[in-house]
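Reader: Please take me through a close look at one part of this structure, the contact surface. Go step by step, and tell me what your terms mean as you use them.

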Amino acid sequence: MIGQLTIGERQFALVMLLALAVIGFAIAVAGRDDLLGGHGALVILVALAGIFAVIHGYYLPAPSEQRFERYYDDPTKVGIIVAMGWAVFGLFVGDWVAWLLVYPELTFDAGWSSFGRIRPVHTTSVIFGFGGNALIATSLYVLQRTSRARLPDQLSPWFVLFGYNLFCLLAVTGYMMGITQSKEYAEPEWYADIWLVIVWVVYFSIYLRTLARRKEPHIYVANWYYMAFILVVAILHIVNNLAVPVSLGHAKSYSSFSGVQDAMTQWWYGHNAVAFFLTAGFLGMMYYYLPKRANRPIFSYRLSIISFWGITFFYMWAGSHHLHYTALPHWVQTLGMTFSVMLLVPSWASAANALLTLNGAWDKVREDATLRFMMVAAVFYGLSTFEGSFMAIRSVNSLSHYTDWTVGHVHAGTLGWVAMITFGAIYASVPWLWKRESMYSARLVEVHFWLAVAGTIVYVFAMWNSGIIQGLMWRTYSESGTLAYSFVDSLVAMRPYYIARAVGGLLFLIGAVVGCYNIWMTIRTAPRTAGEAVSAKPDSVLVGTPALQPGE
Amino acid sequence: MFGFHYRLERKAIGLVLAIIGVASIGGIVEIAPLFTIHQTVEQAPDMRVYTPLELAGRNIYIREGCYSCHSQMIRTLRDEVERYGPYSLAVESKYDHPMLWGSKRTGPDLARVGGKYSDEWHVAHLNNPRAVMPESIMPAYAWLSRTALRTDDLGAQLKAIRAVGVPYTDDMIANAPADAYGQAAPDSPDAEGVTKHYGAATNVRAFDGVPGSLTEMDALVAYLQILGRLTDAAHKPVAAVGR
């Protein structure tokens, strides 16, 4: 890793790591009476580990000029491995949380392991740890291929990858220590948020600098989605996290917004974290890996334009459907509902574009579990976007809101769509990256596929059942005109479904562990060769559509 | 349209600006007016701020992630109003930075739980939920009774939340640690300051049943007991609540 950096980059890396160590020291001193001090110590440790690694490799020979002829894939390789690590950790914690709802005593009489603290550990680990690392890793891979240009330098991708994982680490350890803003999916406190902004700016600069050197006149559709992901997540993150810290020595901060304005801002963020983190980014992944694996060009270029701008525009209005019948003004609720329903059009256009791309390649879908992962992902994307639009209708929401139905819906999207497209993309790219004909074991990919599908279906059906039963029990009246069930009655009715959900999650977790083993064995048996040459020719699959030919 | 796009997708900066522009519209239209239209939040002259002890309790509620299972937002639906009480008004959370409306009811809504149960019930329930409710799946929070509440930074906490718009006075900030202690020690000289700063209706009692020591249990119970009781606005007829 260090051997690939130029001497200048090694020096700059040392300067940055020293600066990070100083910042960590400052945080540790300023926050010595607060939980913040622990995070200062963590930052120092990370910086020292980095300094040690750079010094250890400092006198390695400088990289040769030939590196410019090859794509720079090592950050992608590390990113994929790290993503799989977060997947197993996050799914494990998720399943633990699920069992806590069945056996509430599994908390060791301690704060760090109680439901409220480790539930965000689960969500952050899977969304940001697994999903985010997979997005960074694949985006750097896709960006280079579709631009036919190498990454601009060797240092910035490592800064983004490690900096981002430092953010995830601060987030997850913080929750267990008791540091949280309580804003769902934006729990990390102010200092971690500022750090993420810095990482994100560098991430986007890699994108712009690589695009500036592209040899392909058109920016491929996958990059539109990755760019929308980076840009809009930056906007959402900065606005929703505006806050005033208690002092520079406190981890705690108070949000700039309160009450109804905070609720709207939070769900504008929350829903669009789903839109631009868990949808746009992974659509970018889909638009590259699915056509490549199927060896078929994207079905329709025009459909991809319509769905891209439709998603970018409509999604940002939809957040208020999280606040139906609340103290949020009625007109905002109605706008949110309307745009949520309209959102079905670009969503299904994307799903249809993916599935129709497979026309002529369905024999491969049957034989190749990797491609089948991506196909099932597109199906779940279509299903969960339909469900989402449906649940955003005010009268449906009156039943579904606050219940497990929402949890089921989210997991149909995250397990069925996000995780499946990611596993598909990872199984496709691991042999490409490590120069193997195929994965170590196609059978194990098949095993993983069926575990993932079974786990998702068990999970989602359990939550549909529990959610709808809950919603109905809460609103059922007896003949005498009083509420028929107490809250505890509904809680007791949930128990079998909570067990089923935890079992479904366990199946999904086992699948991910099988995937890790398979990836590890593929890497271990891989020959040591140079990276893939920067291509002189446009990729025939990606520019194969007739619409792109004229004018070239 | 597609011809235009065909040119647009050849320009990285053009694409960037187009994405930012298209994505910004929804948020601007839906969020900005909430700060400018006065009808968004009702008037409630009787609304009071959280005492330092209640604020500390609220921060414990946040720290422990209580919001991930309990909402604090009663919707305008008949069954919710009958189960939990009058539907929530925007003004009731206007000092909540951030709001804790929640999104999931694994447990019941807490928007109006204040005063519904005794302090003893809350302490017993938090120590071991299954002791008072055998079917409960809530985690036990027994360590709260064993943990002393940090009060030395309460002045700084109040100052920070004043910076984002909650009207704490200099007097309240200066006396924050003493007020926190006094609210849970009714016989101490500090107790007087609490009612002086926050009104005669403020709960002043040993919330965890032990007057001498100030624990996190005191703070959390004090917070739970004030939920829904910062103002009476929600209990008045709709016409009487000014907008």
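Author: Happy to. Between chain B and chain A there are 34 residue pairs in polar contact (both at pLDDT 80 or more); a polar contact is a pair of N or O atoms within 3.5 Å, where, within protein, one must be able to donate a hydrogen and the other to accept it, and residues adjacent in sequence count only if both atoms are side-chain atoms. Please keep in mind that this is a predicted model, in which local features need pLDDT of at least 70, side-chain atom pairs count only at pLDDT 80 or more, and totals for chains, interfaces and linings use all residues. Residues are numbered from 1 along each chain as its sequence is written, chains are lettered from A and ligands numbered from 1 in the order in which they are written, and side-chain values use heavy atoms, with hydrogens and water left out.

The rule also finds four salt bridges across the interface of chain B and chain A; a salt bridge is a side-chain nitrogen of Lys or Arg within 4 Å of a carboxyl oxygen of Asp or Glu. A:Asp404 and B:Lys104 form a salt bridge in which the closest N and O atoms are 3.0 Å apart.

Which helices does chain B bring to this surface? At least two residues each come from helix 1 (2-8), helix 2 (12-36), helix 3 (52-63), helix 4 (78-84), helix 7 and helix 8 of chain B. (Helices are DSSP runs of H or I with at least four residues, strands are runs of E with at least two, and both are numbered from the N terminus.) Helix 2 of chain B gives the most to the side that touches chain A, with 19 residues. By class, that side of chain B holds 46 nonpolar, 20 polar and 21 charged residues; here Ala, Val, Leu, Ile, Met, Phe, Trp, Tyr, Cys and Pro count as nonpolar, Asp, Glu, Lys and Arg as charged, and the others, Gly among them, as polar.

On the scale of the chains, 87 residues of chain B are in contact with 102 residues of chain A, contact meaning heavy atoms within 4.5 Å. Together chain B and chain A bury about 8,100 Å², with 65% of it on carbon and sulfur atoms; buried area is the accessible area (1.4 Å probe) that two parts lose on being put together, summed over both. B:Glu30, B:Arg75 and B:Arg83 supply 9% of the area that chain B buries against chain A, more than any other three residues.

The side chains of B:Asp153 and A:His250 are joined by a polar contact of 2.7 Å. B:Asp153 sits in the loop between helix 7 (143-146) and helix 8 (154-163) of chain B. Why does B:Asp153 count as buried? Because its relative accessibility is 7%; buried means under 20% relative accessible area, exposed over 50% and partly exposed in between (1.4 Å probe, protein chains only).

The domain assignment gives domain 1 (1-63) and domain 2 (73-216 + 348-543) of chain A, the bounds coming from an automatic or database domain assignment. Their C-alpha centres lie 30 Å apart, and 16 residues of domain 1 of chain A are in contact with 17 residues of domain 2 of chain A. These two domains of chain A bury about 1,500 Å² between them, 79% of it on carbon and sulfur atoms. A:Met1, A:Leu35 and A:His39 supply 35% of the area that domain 1 of chain A buries against domain 2 of chain A, more than any other three residues.

Zero salt bridges are found across this interface of chain A, while six residue pairs are in polar contact there (both at pLDDT 80 or more). Helix 1 (7-30) and helix 2 (36-56) of chain A each supply at least two residues of the domain 1 side, and helix 2 of chain A has the largest share, six residues. That side of domain 1 of chain A divides into eleven nonpolar, four polar and one charged residues.

Last, a backbone detail in chain B. B:His97 and B:Pro98 are joined by a cis peptide bond, with omega about -5°. B:Pro98 lies in the loop between helix 4 and helix 5 (119-127) of chain B. Most residues other than glycine have a negative phi, and most peptide bonds are trans.
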